[in-house]
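Have the viewer open while you read.

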Amino acid sequence: MALKTLALAIATLMTISGTSYAATAGTSRAVLADQTPITSLAAFERVVSQDRTVTRRATTFKNGQIDMAGVLFTPATMEQGKTYPAIVVIHPGGGAKEQTASLYAYRLAQQGYVALAYDASHQNASGGEPRLLEDPTARVEDARSAVDYFTTLPFVDHERIAALGICAGGAYAINATMTDHRIKAVAGISSFNYGDGMRKGWRGTGTAAELSASLDTVAQLRTAEAKGAQPVLYPYVPDSIEGVSEPDMVEASQYYRLASRWKLDSQPNRFLASSNDKLIAFDAFNGIDTLLTQPLLLIAGSDAGSKWHSDRAYAEATSAAEKELVVIPGGTHMSLYDRDVGKAMPSLIQFYGKHLKQSAI
């Protein structure tokens with residue numbers, strides 16, 4: 001996919017130390033609650049509202065002067081005076097806390113974890129100006145601020161905090177973990193290093209000429225805005241599948257734009273075009289070879305066009321205490337947002353159970 005197309009359409013999205021292997025259906029299956037796929041926002045709301053084992057409540061916390069909006073999932077049977085392991089869950093580019101981030105947070109709470117899904121600063125229900133900014137450094141600071149929030153909760157064990165991110169959130173989670181040693185382990189699902197994606201295209205085949213043209217466009221837009229023009233907004237994913245040939249983008253459009261899937265009316269699926277120079281300059285994995293010392297789990301679909309991001313993180317994370325790459329056979333980038341969550345959960349429960357010392361329930 002050409003970089004210009006990526007900018008207009010992701011700009012389109014949006015131990016077994018040293019061993020890479022394919023996930024098997026039987027792994028840790030016995031420890032999981034019902035993992036019937038939940039493939040729509042309506043179905044998710046119905047399931048959670050009927051589940052008496054998990055409590056969900058809206059919450060807010062601070063990122064500097066910005067009010068952050070979150071959803072906190074907790075086991076319904078938490079005991080007074082006891083502390084629990086906690087996991088920050090970071091949503092994809094173009095996503096919102098109510099979508100796949102809440103689905104993973106809910107599944108983790110079923111296993112005894114406190115889990116927080118939240119909206120990125122400048123987006124959705126969180127504060128921050130300008131609106132609809134996708135600033136990677138701000139996104140990383142969001143994650144650190146979510147950890148700050150966990151340390152204020154009396155029922156969270158401050159020594160057992162971890163991070164989980166999906167798509168761009170996976171790369172942001174890894175980047176935050178590099179310099180925040182309060183995060184004891186990190187996992188990325190369909191990880192997407194936004195900087196790499198903007199520089200090289202969705203499948204890593206972009207050219208230097210396309211990158212230069214993209215930067216020219218950003219420069220022109222910033223000049224126009226400085227002179228009073230209205231800010232330009234780009235879609236994270238295509239608004240419809242008409243004319244879209246990239247399979248991941250077809251699935252992404254269906255996921256975000258169809259009411260029968262995970263469409264959220266309050267999420268316009270747009271971001272400021274002036275985000276692009278920040279994204280292009282960003283590399284979530286820069287320094288991963290020395291700074292990431294905590295355990296790392298990467299989960300990717302075998303058929304995902306974005307798998308090369310997980311491959312890169314796995315190869316370069318040479319200082320991680322442990323690293324593991326789990327490949328879901330037949331999985332795609334978007335299948336791990338909902339229909340293949342049940343295939344990812346055994347590895348997540350095993351990973352967090354080991355590194356946060358949480359027994360399976």
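Asn124 counts as buried, because its relative accessibility is 18% (buried is under 20% relative accessible area, exposed over 50%, partly exposed in between, with a 1.4 Å probe and protein chains only). Before going further: this is a predicted model, where local features need pLDDT of at least 70 and side-chain atom pairs count only at pLDDT 80 or more, while totals for chains, interfaces and linings use all residues. Residues are numbered from 1 along each chain as its sequence is written, and side-chain values use heavy atoms, with hydrogens and water left out.

Back to Asn124: it sits in the loop between E5 and H4. Helices (H or I, at least four residues) and strands (E, at least two) are DSSP runs, numbered from the N terminus. Most residues other than glycine have a negative phi, and most peptide bonds are trans.

| Residue | Phi | Relative accessibility |
|---|---|---|
| Asn124 | near 55° | 18% |
| Asn269 | about 60° | 0% |

Asn269 also counts as buried, because its relative accessibility is 0%. Its place is the loop between H8 and strand E9 (270-272).

Which residues does a cis peptide bond join? They are Glu129 and Pro130, with omega at about 0°. Pro130 belongs to the loop between strand E5 (114-118) and helix H4 (136-150).

Now for the helix pair. The axes of H2 (residues 41-50) and H3 (residues 97-110) come within 11 Å of each other and cross at roughly 30°. Axes here are lines fitted to C-alpha atoms, for helices over the stretch in contact, and angles run from 0 to 180 degrees between N-to-C directions. H2 and H3 are therefore roughly parallel (that label covers angles under 35 degrees; over 145 is roughly antiparallel, 65 to 115 roughly perpendicular and the rest oblique).

On the H2 side, Leu41, Phe44, Val47 and Val48 meet Glu98, Ser102, Leu103 and Tyr106 of H3, contact being heavy atoms within 4.5 Å. Sorted by type, the residues of this contact are 6 nonpolar, 1 polar and 1 charged. Nonpolar takes in Ala, Val, Leu, Ile, Met, Phe, Trp, Tyr, Cys and Pro, charged is Asp, Glu, Lys and Arg, and the others, Gly among them, are polar.

Last stop: Val250, in helix H8 (residues 247-257). Setting aside neighbours within four places in sequence, Val250 is in contact with Ile241 and Val244. From its C-alpha atom to that of Ala173, 77 residues apart along the chain, the separation is 26 Å.
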